[in-house]
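Please find below a short note on the model shown here.

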Amino acid sequence: MSYSLKSVTIRTDNSESGMAKINELWADIMTGKVPLDFIENGVPVKGLSPISAYSDYESDERGKYNLSVMTVTADFFAKLEQLVAQDKYIKIDESGATITECANKAWSKVWRLTANGDINRAFSIDYESTVPAEYTKDGKTHCYLYIARR
């Protein structure tokens with residue numbers, strides 16, 4: 001049977017085993033084992049992008065949450081930018097040599113800002129878009145986080 005998915009969701013946390021589950025999910029997506037429709041035969045589909053959505057937080061970043069990897073179009077990002085302009089979300093942009101490095105930098109920044117009281121997170125639904133270097137103008141990998149504010 002041949003099929004493709006628009007999204008897939010797992011329940012996880014930020015523990016070492018939780019991070020391993022996230023890495024395994026992404027590996028399964030990128031190899032086609034979990035056939036999300038933004039990639040066909042290992043090649044990205046033009047006009048479609050993957051985005052991670054973090055929701056159903058048990059408490060805060062220390063508890064369990066749902067991680068959904070979804071396929072979106074460019075208008076989704078435009079809507080997120082509108083939410084940033086309305087001060088409903090904060091946007092974090094970090095760059096680095098690898099996806100892992102840049103995602104770690106971005107999330108560490110969010111956790112530091114939260115701990116310092118610089119942002120008051122809603123823990124409702126947050127989004128992450130990581131763009132590999134080969135798709136960026138500056139040749140660096142970027143991680144964009146959209147964090148919901150209270």
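1. Helices (H or I, at least four residues) and strands (E, at least two) are DSSP runs, numbered from the N terminus. In these terms, glutamate 61 sits in the loop between β4 (49-55) and β5.

2. This is a predicted model: local features need pLDDT of at least 70, side-chain atom pairs count only at pLDDT 80 or more, and totals for chains, interfaces and linings use all residues. Residues are numbered from 1 along each chain as its sequence is written, and side-chain values use heavy atoms, with hydrogens and water left out.

3. Is glutamate 61 buried or exposed? Buried means under 20% relative accessible area, exposed over 50%, and partly exposed in between (1.4 Å probe, protein chains only). Glutamate 61 is buried, because its relative accessible area is 16%. Leaving aside neighbours within four places in sequence, glutamate 61 is in contact (heavy atoms within 4.5 Å) with Asn14, Trp111, Arg121 and Phe123.

4. A nonpolar core is a set of buried Ala, Val, Leu, Ile, Met, Phe, Trp, Tyr and Cys residues joined through side-chain atoms within 4.5 Å. The largest one has 27 residues, and Ile29 and Leu145 have the most contacts inside it. Two or more residues each come from β1 (7-12), α1 (16-31), β5 (65-72), β6 (89-96), α3 (99-115) and β8 (141-148). The largest share, 6 residues, belongs to α3.

5. Another core, of 10 residues, lies apart and includes Ala53, Val72, Tyr127 and Ala148.

6. Just after α2, aspartate 87 takes a positive phi of about 65°.
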